[in-house]
Amino acid sequence: MTSALPTRADVLEMLAGYGERLAEDVNEELGSLELTWLIAQAEQRYSVLLDLTDEMFAEMGTVAGAVDVLRSAIAEQLAIKEGASSEGAGHG
């Protein structure tokens, strides 16, 4: 089970799976199909369901932006799951 948040290398690896290319062949600028693929891969890898806003999706136009948004969204989802398993735990 993967518990760490995604790094740039993780994101490049997931994106490389789209079109079966090498991580170093992934462009910095991402298209909508690549983003759709990436989100699905991240959800599978981290066992989360990401509900990204339009603003968050727009921030994912580059690999760097995708890393930032995914790290934030996955951390939030993992905290929610963890909180649900330890009832009464708060955050602030």
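Modeller: A helix is here a DSSP run of H or I of at least four residues, a strand is a run of E of at least two, and both are numbered from the N terminus. Read along the sequence, the chain then follows the pattern α-α-α-α, with four helices and zero strands in its secondary structure. Please keep in mind that this is a predicted model. Of the 92 residues in the chain, 30% are buried. Among contacts between residues at least 6 apart in sequence, 60% join residues at least 24 apart.

Helix α1 covers residues 8-16 and helix α2 covers residues 32-46. Two packed helices are described by the angle between their axes and the distance between the axes. For α1 and α2 the angle is about 115°, and the axes are 9 Å apart. The crossing in which α1 passes α2 is right-handed.

Which residues make this contact? On the side of α1 they are Asp 10, Val 11, Glu 13, Met 14 and Leu 15. On the side of α2 they are Glu 34, Trp 37, Leu 38, Gln 41, Ala 42, Arg 45 and Tyr 46. Sorted by class, the contact has seven nonpolar, one polar and four charged residues.

The charged residues deserve a step of their own. Side chains of opposite charge can pair when their charged atoms come close. A salt bridge is counted when a side-chain nitrogen of Lys or Arg lies within 4 Å of a carboxyl oxygen of Asp or Glu, and the structure has four of them by that rule. One of these joins Arg 45 to Asp 10, with the closest N and O atoms 3.8 Å apart. Arg 45 belongs to helix α2 and Asp 10 to helix α1, so the bridge links parts of the chain that are 35 residues apart. Because its relative accessible area is 26%, Arg 45 counts as partly exposed. Asp 10, by contrast, has a relative accessible area of 19% and is buried, since the limit for that class is under 20%.

Arg 45 also forms a salt bridge with Glu 13, at 2.8 Å from N to O. Here again helix α2 is linked with helix α1, Arg 45 and Glu 13 being 32 residues apart. Glu 13 counts as partly exposed, because its relative accessibility is 48%.

A further salt bridge, between Glu 34 and Arg 21, has an N to O distance of 2.7 Å. Glu 34 is in helix α2, whereas Arg 21 is in the loop between α1 and α2, 13 residues away. With a relative accessible area of 11%, Glu 34 is buried, while Arg 21, at 24%, is partly exposed. Shared partners join Asp 10, Glu 13 and Arg 45 into one network of salt bridges.

A pair of aromatic rings is described by the distance of the centres and the angle of the planes. The structure holds one aromatic pair. The pair consists of Tyr 18 and Trp 37, with 5.8 Å from centre to centre and 55° between the planes, and it is classed as tilted. Tyr 18 lies in the loop between α1 and α2 and Trp 37 lies in helix α2, so the pair ties together parts that are 19 residues apart in sequence. Both residues are partly exposed, with relative accessible areas of 30% for Tyr 18 and 29% for Trp 37.

One more residue of the loop is worth a look. Most residues other than glycine have a negative phi. Glu 20, although not a glycine, has a positive phi of about 45°. Its place is in the loop between α1 and α2, and it counts as exposed because its relative accessibility is 76%.

Technical notes. Residues numbered from 1 in each chain as written. Predicted model: local features only at pLDDT ≥ 70, side-chain atom pairs only at ≥ 80, totals over all residues. Heavy atoms only, no water. Buried < 20%, exposed > 50% of the residue type's maximum accessible area, 1.4 Å probe, protein only. Phe/Tyr/Trp six-rings, centres within 6.5 Å; stacked < 30°, edge-to-face > 60°. Axes fitted to C-alpha atoms, helices over the stretch in contact; angles between N-to-C directions. Left-handed = near helix turned anticlockwise from the far one by under 90°. Contact = heavy atoms within 4.5 Å. Nonpolar A, V, L, I, M, F, W, Y, C, P; charged D, E, K, R; others polar.
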